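Visitor: Could you walk me through reading a few features of a protein model? I'd like the general idea, then the case at hand.

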Amino acid sequence: MAGSRFPSSGLNVLRPTAFGVDPSGERMERIRRSPHFGDGVFQNPGGTARTRPSGSMLEFAKVFFDKHTRPLRVPRGTVPVHPTTYADLAKPPATGLRLTWMGHSSVLAEIDGHRVLFDPVWGERCSPFPFAGPMRLHPAPLPLAALGPVDVVVISHDHYDHLDLPTIKALAGTDTLFAVPLGVGAHLEHWGVPADRLRELDWHETTKIGGLTLTATPARHFCGRGLRNTQHTLWASWVVASQEHRIYHSGDTGYFDGFKDIGAAHGPFDATMIQVGAYSDFWPDIHMTPAQGVRTHLDLQKGVPGGVLLPIHWGTFNLAPHPWAEPGEWMKDAGDDVGQTVAFPRPGQPFEPAGDVPVEAWWRTVSGRVPRTWQAPRSTEGGSTTAKGDLDLAGER
């Protein structure tokens, strides 16, 4: 396990390369000057966010390892991955904007002749170790090299399911640029990305790449890859705008009122990519439920349904106690309830938000029964579907 040494509890221990490095030098000085850095750490909007599971670890373990609900957290069969090819992506989108969800939070956005790759994770595990940690529930839709040239890689924060060492090392060998939150550039330089290919931003800062304007916007989350969580790397959501289109990627975040401010300053959007998986009552401040995801989209659209919402951060890794298919089902209900168009592409399936949006519940072919613990859409209340009923995804609702 190659790495460098660092002090921890008075001892020198090997630090895996995947842990990255802490910011230092001028980078650390810039962090200290940030208006969002105080008391030695980056601060969340709206005050302190709980970053560790609430309640006792015993309570959490009972839920996470429950023998009855644990089988629901993985698909019962092979996840239907779209057989994406380079030819699929070589033809420019007719409307100027095309999104391809690669699974979890990884999205290729083609926007008016530019190609933006958000949070690319092609590794088999979201972990610092190749032999441990959550494994993919489906393969990557196509090899990373088959994507073709990418203008800019956008990273939301430095957690393993968003910043993947093998993927970054592969991309470091290309000429792509990287847009990252403040402090995250330290990891990328450590892994071989030249400093002149980094655009490292604080919240509300902007960089221009070709005909695109990229803005780091606030999120409510946290950071850290090693044994010590120094909170010295920032987390962010991102706005990417061309002259014709605007898109938004939430990264990981809990719900907060600041989405309205982001929408007022940068919206409305042709498409938003919103985190709606890996939520839990144990960590309500740092991840969103599908209902909160729809609320976030509406905030970004200045309160009016519009554009297309692409749910992300679900379906690829088993990271929370909820059933594997629950984010999809809950999101369908939440979107229907307010008349919001929600895209449900299979992993790897390109679509254009202004064109034919995929809406089929593809996960139902490989999912078991999901208890509906959320409120049913108003359109079904009083009918055959009850607010606390079950969804039998192998057959009829």
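Guide: We'll take aromatic pairs, then a sheet, then the helices, and end with some backbone spots. This is a predicted model, so local features need pLDDT of at least 70 and side-chain atom pairs count only at pLDDT 80 or more, while totals for chains, interfaces and linings use all residues. Residues are numbered from 1 along each chain as its sequence is written, and side-chain values use heavy atoms, with hydrogens and water left out.

Visitor: How do I read an aromatic pair, and how many pairs does the count come to?

Guide: A pair of aromatic rings is described by the distance of the centres and the angle of the planes. Here rings of Phe, Tyr and Trp (its six-membered ring) pair if their centres lie within 6.5 Å; planes under 30 degrees apart are stacked, over 60 edge-to-face, and the rest tilted. By this rule the count is 16 aromatic pairs. One of them is Trp101 with Trp314, stacked at 5.9 Å centre to centre with 15 degrees between the planes. This pair links distant parts of the chain, 213 residues apart: Trp101 is in strand S5 (residues 97-103), and Trp314 is in the loop between strand S16 (308-312) and helix H8 (326-338). Helices (H or I, at least four residues) and strands (E, at least two) are DSSP runs, numbered from the N terminus.

Visitor: Which pair is edge-to-face, with 75 degrees between the planes?

Guide: That's Trp324 and Trp362, at 6.3 Å centre to centre. Trp324 is buried at a relative accessible area of 4%, and Trp362 is buried at 1%. Buried means under 20% relative accessible area, exposed over 50%, and partly exposed in between (1.4 Å probe, protein chains only). Trp101, Trp314, Trp324, Phe344, Trp362 and Trp363 form one aromatic cluster.

Visitor: On to the sheet: in what order do the strands come?

Guide: Two strands pair if DSSP finds at least two bridges between them. Six strands make an open sheet with mixed pairing, in the order S11-S12-S13-S14-S15-S16. Strand S11 (206-209) and S16 stand at the edges with a single partner strand each, so one side of each has no neighbour in the sheet. Strand S15 (residues 271-275) pairs with S16 in the parallel sense over 5 bridges, and Thr272 stands opposite Leu309 in S16.

Visitor: And how do I read two packed helices?

Guide: Two packed helices are described by the angle between their axes and the distance between the axes. Axes are lines fitted to C-alpha atoms, for helices over the stretch in contact, and angles run from 0 to 180 degrees between N-to-C directions. Contact means heavy atoms within 4.5 Å. The axes of helix H6 (residues 258-266) and helix H7 (residues 290-300) come within 7 Å and cross at roughly 35 degrees. Phe259, Lys260, Ile262 and Gly263 in H6 meet Thr296, Asp299 and Leu300 in H7.

Visitor: Why is H7 largely enclosed by the rest of the structure?

Guide: Because 8 of its 11 residues are buried. The buried residues of H7 pack against S14, H6, S15, S16 and H8.

Visitor: What about the backbone: which peptide bond is cis, with omega near -5 degrees?

Guide: The one from Gly267 to Pro268, with Pro268 in the loop between H6 and S15. Check phi too: Asp39 has a positive value near 55 degrees and is exposed, at 81% relative accessible area. His104 also has a positive phi near 55 degrees, but His104 is buried, at 2%.
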